[in-house]
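Visitor: I would like to learn how to read a structure like this one. Please take me through it feature by feature.

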Amino acid sequence: MTERVIILEGVDPVIFYGVNNANMQLIKNLFPKLRIVARGMVIKVIGEESETADFEKKIRELTEHAEKYNRLTEENILDIVKGEPTRELKRDDVIIYGMNGKPISGRTPNQQKLVEEFAHNDLTFALGPAGTGKTYIAIALAVRALKNREVRKIILSRPAVEAGEKLGFLPGDMKDKIDPYLQPLYDALEDMIPAMKLKEYMETKVIQIAPLAFMRGRTLNDAVIVLDEAQNTTTHQIKMFMTRLGMNAKMIITGDVTQIDLPRSTTSGLIQAMHVLRDVKGIGRVEFTKKDIVRHQLVQRIVEAYEVFDKERKEEAEKEREAEVSTTDDTSVNID
């Protein structure tokens with residue numbers, strides 16, 4: 001008799017074992033000659049050498065499947081144990097599989113372009129209005145790189161710029177005050193990584209989410225770094241952030257230049273960076289439009305309405321300036 005100890009690596013035990021351990025019970029039924037005990041991330045199996053070896057091989061295949069697709073069904077278990085092809089729908093455009101096996105891919109031409117630009121450049125700018133999926137796709141690309149072991153960590157950042165609210169009036173300590181600004185990043189991660197695995201990544205700092213100010217002085221190697229809401233960075237902040245890029249690292253900077261919350265006298269670092277770096281090789285650029293909006297259909301209508309409003313206000317301001325110039329010319333006095 002042989003005893004083997006198998007450590008479940010890279011997979012969420014909730015997904016692997018199933019609801020009320022249904023998956024584990026099915027696995028035990030498929031290997032009736034073996035004595036199997038599972039606790040936490042460890043499975044102990046006792047039996048004949050050849051049978052325990054085959055069991056370990058199948059468990060490895062099951063964990064790989066569960067890690068890739070974020071799901072493990074009864075059909076998947078039966079297919080893998082019997083050595084048959086799994087029935088998951090394979091698509092070439094899938095970036096990763098989110099919770100419950102939901103495929104995450106570029107749904108619009110510009111989202112697909114962001115995937116391509118990320119593959120070919122170490123720094124990529126993704127610009128566009130709200131709801132175009134630029135941040136979501138950026139984080140999906142980062143998670144894929146981590147799952148494929150192309151990098152060792154993910155670093156997500158945002159400038160903590162006040163958009164109507166004052167930080168000092170928010171309850172709690174500094175972390176409590178800043179977390180609301182970072183919540184959209186947490187939301188995206190929770191859609192892609194099982195809760196227990198995400199918690200582990202956060203505790204071990206494999207995934208780090210921090211305000212932009214916390215990036216100063218760091219060199220970020222072996223990582224995918226995402227800066228969101230970059231239109232709210234100052235010129236010094238964005239330069240500081242971009243120069244954090246280290247070896248075997250990739251960076252994605254997202255922003256919407258129509259939603260700048262900086263004081264009027266402050267230049268947006270994103271706008272300046274796009275101008276300064278326009279001819280630099282190795283930098284990708286994707287500009288999303290209202291056609292790329294993938295949220296509720298009302299979001300696109302809202303964006304269009306504000307575009308019309310901004311255009312009308314700009315035209316009115318130009319007419320007022322022209323009228324002022326005309327009035328100044330008409331009231332000039334000639335002295336004999």
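Guide: Start with Thr233, which is found in the loop between E9 and H9. Such labels come from DSSP runs numbered from the N terminus: helices (H or I) have at least four residues and strands (E) at least two. This is a predicted model, in which local features need pLDDT of at least 70 and side-chain atom pairs count only at pLDDT 80 or more, while totals for chains, interfaces and linings use all residues. Residues are numbered from 1 along each chain as its sequence is written, and side-chain values use heavy atoms, with hydrogens and water left out.

Visitor: Is Thr233 buried or exposed?

Guide: Buried means under 20% relative accessible area, exposed means over 50%, and partly exposed lies in between (1.4 Å probe, protein chains only). Thr233 has 0% relative accessibility, so it counts as buried.

Visitor: Which residues is Thr233 in contact with, leaving aside neighbours within four places in sequence?

Guide: Contact means heavy atoms within 4.5 Å. On that basis, with neighbours within four places in sequence left aside, Thr233 is in contact with Pro159, Leu212, Leu227, Ile238, Leu262, Thr267, Ser268, Gly269 and Leu270.

Visitor: How many salt bridges does a search of the whole structure find?

Guide: A salt bridge is a side-chain nitrogen of Lys or Arg within 4 Å of a carboxyl oxygen of Asp or Glu. The search finds 14 of them. One of these joins Arg158 and Asp228, at 2.8 Å from N to O. Arg158 belongs to strand E7 (residues 153–158) and Asp228 to the loop between strand E9 (223–227) and helix H9 (235–242), so this pair ties together parts 70 residues apart in sequence. Both Arg158 and Asp228 are buried.

Visitor: Where in the chain are Glu56 and Arg4?

Guide: Glu56 forms a salt bridge with Arg4, and their closest N and O atoms are 2.9 Å apart. Glu56 is in helix H3 (residues 49–69) and Arg4 in strand E1 (residues 2–7), so to speak distant parts of the chain, 52 residues apart. Both Glu56 and Arg4 are buried.

Visitor: How far apart in helix H11 are Arg313 and Asp310?

Guide: Arg313 and Asp310 are three residues apart in helix H11 (residues 297–330), and are therefore separated by about one helical turn. Their side chains meet in a salt bridge (3.8 Å, N to O). Asp310 is partly exposed, with a relative accessible area of 34%. Elsewhere, salt bridges that share partners join Arg4, Glu49, Glu56 and Arg60 into one network.

Visitor: In what order do the three strands of the open sheet come?

Guide: Two strands pair if DSSP finds at least two bridges between them. Here the order is E1-E3-E2, and the pairing is antiparallel. E1 and strand E2 (35–39) are the edge strands, as each pairs on one side only. Five bridges join E2 to strand E3 (residues 42–47), and Arg35 stands opposite Ile46 in E3.

Visitor: Which residues of helix H2 are buried?

Guide: In helix H2 (residues 22–30) the buried residues are Asn23, Met24, Leu26 and Ile27. They cover an arc of only 160° around the axis (taken from the directions from the helix axis to the C-beta atoms), which puts them on the same side of H2. Among the elements that cover them are helix H1 (13–17), E2, E3, H3 and helix H4 (74–81).
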